[in-house]
Amino acid sequence: MADRRRLAAGNWKMNGTSADLVELDALADLSDPGCDVLICPPATLIGALVARANGRIHVGGQDCHVAASGAHTGDISAAMLRDAGATHVILGHSERRADHGETDAAVRAKAKAAQAAGLTTILCVGETLDQRDRGETMAVVTAQLDGSVPEDGDIAALVVAYEPVWAIGTGKVPSPDQIAEVHAGMRERLAQRFGAADAARIPLLYGGSVKADNAPAIFALPDVDGALVGGASLKASDFVPIVRALGAA
Ligand code: PGA
């Protein structure tokens, strides 16, 4: 996996209350995981996770507003996430694209705001099953990458996650060949935009029904630098083996 940082990222989505903070302990206690470990809890738990992790794992947000502050009831800015101790933010997740109508342009503007606040963006792209069945996977992923990644982006603060919509929360996972094809295509597209050397530094995560039993095969793929994990990140007993598989890859 070259010399790129490898990242095991957990996305708790709208799950978790203070009773679940205990799930952090086994993760934070991993003495040498061999990769970066990140949990993105609901915003209500960011401060408590940061305090409990005490620097041993990274904590991130699941979205941010494009503005730094202002009259936007219910929203959270990138600067606020940073202030709470977050180092990363997930942007353009398919659930936000679907539930909140987020366009590539909106995601791109948020990515710029995240960068300005000093956050690393985990930018999500991925096709629906219909799009895959129509043979449009690479076209969809490429268009999302082109539209969502800021042109003058700081490559060091960018992670891209390939998350096929049909694989999220379904237990369905693309074949290794399908994942490898998309990851190689994303790397090539990023190289066209940013040059091969910079593109080679961008960690590319796979996300969608990653579990302990399928993680080793996924992490063995050449352009896969980690995972964005939803359901299996909620319990330490599920997530720790995934972190270990990445560390051992
Ligand atoms: P899942 O979610 O692991 O539950 O499929 C992945 C994601 O949405 O990031």
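This is a predicted model: local features need pLDDT of at least 70, side-chain atom pairs count only at pLDDT 80 or more; totals for chains, interfaces and linings use all residues.
Hi everyone, thanks for coming.

Let's start with the ligand. Which residues sit closest around it? There are 13 residues surrounding the ligand, and the closest are K13, H93, E163, G169 and S209. Sorted by class, that shell holds seven polar, four nonpolar and two charged residues.

The side chain of K13 places an N or O atom 2.7 Å from an oxygen atom of the ligand. E163 also brings a polar side-chain atom to 2.7 Å from a ligand oxygen. With G231 the backbone takes part: one of its N or O atoms lies 2.8 Å from an oxygen atom of the ligand. And how much of the ligand does the protein bury? Alone, the ligand exposes 280 Å², and the protein buries 96% of that.

Let's move on to the helices. Helix α5, residues 104-116, and helix α7, residues 137-148, have axes that come within 7 Å and cross at roughly 45°. Because of that angle, α5 counts as oblique to α7. On the α5 side, the contact is made by D104, A105, V107, R108 and A111; α7 contributes A143, Q144, D146, G147 and S148. Those contact residues divide into four nonpolar, three polar and three charged.

That's my tour, happy to chat!

Terms used:
Residues are numbered from 1 along each chain as its sequence is written. Side-chain values use heavy atoms; hydrogens and water are left out. A residue is near a molecule or strand if one of its heavy atoms lies within 4 Å of it. A polar contact is a pair of N or O atoms within 3.5 Å; within protein, one must be able to donate a hydrogen and the other to accept it, and residues adjacent in sequence count only if both atoms are side-chain atoms. Accessible areas come from the Shrake-Rupley method with a 1.4 Å probe; for residues, only the protein chains shown count as cover. Ala, Val, Leu, Ile, Met, Phe, Trp, Tyr, Cys and Pro count as nonpolar, Asp, Glu, Lys and Arg as charged, and the others, Gly among them, as polar. Axes are lines fitted to C-alpha atoms, for helices over the stretch in contact, and angles run from 0 to 180 degrees between N-to-C directions. Helices (H or I, at least four residues) and strands (E, at least two) are DSSP runs, numbered from the N terminus. Angles under 35 degrees count as roughly parallel, over 145 as roughly antiparallel, 65 to 115 as roughly perpendicular and the rest as oblique. Contact means heavy atoms within 4.5 Å.
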